[in-house]
Amino acid sequence: MFQKEIAVSDGGDGFDGCIEVVQRTRGYRRWPDEAKARIVAESFQPGVRVVDIARRHGLVAHQLSDWRRRARLGKLVLPADTMAGALSDNLP
């Protein structure tokens, strides 16, 4: 995903600020299960928001939420060492 901030100034209506232009890349990215597991484990850490983790890794929040659901169902295995430090109430 490509992001670019553009400064905008309109002389008439008093708007003076920035807008963010987001261009999506074409095609689908394939994520290895190890990378998915690491990102999902990061999302289960205390005090983090799914949307913040997703943005940091160039994902949309619903994609990460789907990976988290798969982890809860046992379809995505999370290595024990990636879960170090996660609280039990945050685990799937």
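Colleague: Does Arg 56 count as buried or exposed?

Modeller: Please bear in mind that this is a predicted model. A residue is called exposed when its relative accessible area is over 50%. Arg 56 has 54% relative accessibility, so it counts as exposed.

Colleague: With which side chain does Arg 56 meet in a salt bridge?

Modeller: A salt bridge requires a side-chain nitrogen of Lys or Arg within 4 Å of a carboxyl oxygen of Asp or Glu. Here the partner is Glu 42, at 2.3 Å from N to O. Glu 42 belongs to helix H1 and Arg 56 to helix H2 (residues 50-56), so the pair ties together parts that are 14 residues apart in sequence. Glu 42 itself is partly exposed, at 22% relative accessibility.

Colleague: How many salt bridges does the structure hold?

Modeller: There are 4. Among them is the pair Lys 36 and Asp 33, with the closest N and O atoms 3.9 Å apart. Both residues lie in helix H1 (residues 33-43), 3 residues apart, which is about one turn of the helix. Lys 36 is buried at 13% relative accessible area, whereas Asp 33 is partly exposed at 45%. Another is formed by Arg 49 and Asp 52, whose closest N and O atoms are 3.0 Å apart.

Technical notes
Residues are numbered from 1 along each chain as its sequence is written. This is a predicted model: local features need pLDDT of at least 70, side-chain atom pairs count only at pLDDT 80 or more; totals for chains, interfaces and linings use all residues. Side-chain values use heavy atoms; hydrogens and water are left out. Helices (H or I, at least four residues) and strands (E, at least two) are DSSP runs, numbered from the N terminus. Buried means under 20% relative accessible area, exposed over 50%, partly exposed in between (1.4 Å probe, protein chains only).
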